[in-house]
2 protein chains.
Amino acid sequence: MILNIKNPKKFRTMIRNKEWTSQTAGMMPGFIQANLVILPQDYAIDFAAFCVRNPKSCPLLDIASPGGYDTIFAKGADLRTDLPKYHIYKEGNLDQVVTDLKTIWRDDFVSFLLGCSHTFEPILYSAGIPIRYQEQGLKLCLYETNIPTFSVGPFKGNVLVSMRPIPAEMVTKAAVISARYPRVHGGPLHIGEPSLIGVDINSPYIGDKVKFLPGDIPVFWGCGVTPQHIALNAKIPYMITHAPGHMFVTDFLIEDLG
Amino acid sequence: MILNIKNPKKFRTMIRNKEWTSQTAGMMPGFIQANLVILPQDYAIDFAAFCVRNPKSCPLLDIASPGGYDTIFAKGADLRTDLPKYHIYKEGNLDQVVTDLKTIWRDDFVSFLLGCSHTFEPILYSAGIPIRYQEQGLKLCLYETNIPTFSVGPFKGNVLVSMRPIPAEMVTKAAVISARYPRVHGGPLHIGEPSLIGVDINSPYIGDKVKFLPGDIPVFWGCGVTPQHIALNAKIPYMITHAPGHMFVTDFLIEDLG
């Protein structure tokens, strides 16, 4: 199915009406897409603190008031219906995959939107920087590092990173461009030798192992899957997230974040 | 009293021992100083959401877990004792000024540290940009604008701004430099004509009216007093803040925030 609209509001309406149930990744280029985490209020302030303490991994874009499903990133949007697919976790295990949260919504649910590093890929690409995993038709690969997050309450564990091979002569450019956007992970967490951050390049945490071209350097960015990884490790009794690749499409362009 | 030490930990120890009870503003140049807000947990997630929704006014540097008085910005620090002076507000009115929170501390207190625009002033100054209010021996002047904040729960009201007259030929430089530091308010909210944001330059909200030199342009930045202003307007039953000018001195240099 080809998406032939350029208006995020129309796209979200299609999603709300179940006319679009596939991934949002790669759709509506230029518009910020956000990761979603929903937690019961008992865990909300610790999770907010965890995100603030680990901004490279968990760049907070928005928090809704308890029970709220609105966001300042899209007027009239409904976070219960405007993502194509949600994961519901119980005690750290995937319990259910749903397309709508209306029937299970509770007054104590607190919704968090987090920046997503996919957002800056079109900008790197426009600057002439190749995105290898896309060229090779693969999924972005993530690694677990040996870098501890700053823990808060039950939320603790290591930082996850996304890795993109970048031609050596473009590494500075990639670092400088991405650093302009701290709210979608900002500049790289690490550049070069993977073992220095405890990464074995042959063992991704998830995603596909990407092929390096001669002269490519591995460049590692903070990754929005970190908070999910941490929350699931913490075996939080109840937690909802977007399904991977099925993010929330906002009304804002990446340049609006400046 | 002249402060002749260059180590923030030593400075905080002096404060903890009540050997330093004056302002921190202007002390330990280069080190990030943070505004403090402490709220009971019932109000904490809405206040966190308010800060995330209004990052230019309320740049969150840290949140401690409920009952916690630690911060990742200074190992071993104690937020109950390491600021020289605290204000305690009840129902929106100043109730008490204290130098120590140990005896009144509660397990449901949530501490927030927010970036402070004083932090980038030494950098502007190093770049040759005059800081008029300092030249004139005045207090920085703040104004209330007609720009609404994004409200969350009880927290609502207009954005406050700090204003600094900048020579016209240096305005771009001041904007670009400050924009590099989004966690201490970032780039200007407004440049030029004050009436466009509802400001009468003759009526500061607090602070001293600064004198413009010929060719100066008024430049307005987001202001860390906004969250206090908003929380006091909301008549929150109980709230603690640093006393104006008596901030928390961190172990980090402004360049560490990049």
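This is a predicted model: local features need pLDDT of at least 70, side-chain atom pairs count only at pLDDT 80 or more; totals for chains, interfaces and linings use all residues.
Between the two chains, 26 residues of chain B are in contact with 26 residues of chain A. About 1,900 Å² is buried between chain B and chain A, and carbon and sulfur atoms give 65% of this area. The polar part of the interface was also counted. Chain B and chain A are joined by 4 salt bridges. In one salt bridge, the side chain of Arg53(A) meets that of Asp62(B), with an N to O distance of 2.6 Å. Polar contacts between chain B and chain A involve 8 residue pairs, with both residues at pLDDT 80 or more.

On the side of chain B that touches chain A, at least two residues each come from helix H2 (41-53), strand E2 (60-63) and strand E5 (109-115) of chain B. H2(B) supplies the largest share of this side, 8 residues. By class, the side of chain B that touches chain A consists of 17 nonpolar, 4 polar and 5 charged residues.

The structure contains 1 cavity of 30 Å³ or more, and the space in the largest cavity is about 30 Å³. Its lining is formed by Arg132(A), Tyr133(A), Leu140(A), Cys141(A), Met163(A), Arg164(A), Pro165(A) and Val210(A). Helix H4 (132-135) and strand E7 (158-167) of chain A are the elements that give two or more residues to the lining of the largest cavity. E7(A) contributes the most, with 3 residues. The lining of the largest cavity comprises 6 nonpolar and 2 charged residues, and no polar ones.

Terms used:
Residues are numbered from 1 along each chain as its sequence is written. Chains are lettered from A and ligands numbered from 1 in the order in which they are written. Side-chain values use heavy atoms; hydrogens and water are left out. On a 1 Å grid over the protein atoms alone, a cavity is a set of points where a 1.4 Å probe fits but cannot get out, and a pocket is an open set with protein on both sides within 12 Å along at least five of seven lines; lining residues have an atom within 4 Å of a point. Grid points are joined across faces, edges and corners, and a volume is the space filled by probe spheres set on the points. Helices (H or I, at least four residues) and strands (E, at least two) are DSSP runs, numbered from the N terminus. Ala, Val, Leu, Ile, Met, Phe, Trp, Tyr, Cys and Pro count as nonpolar, Asp, Glu, Lys and Arg as charged, and the others, Gly among them, as polar. Contact means heavy atoms within 4.5 Å. Buried area is the accessible area (1.4 Å probe) that two parts lose on being put together, summed over both. A polar contact is a pair of N or O atoms within 3.5 Å; within protein, one must be able to donate a hydrogen and the other to accept it, and residues adjacent in sequence count only if both atoms are side-chain atoms.
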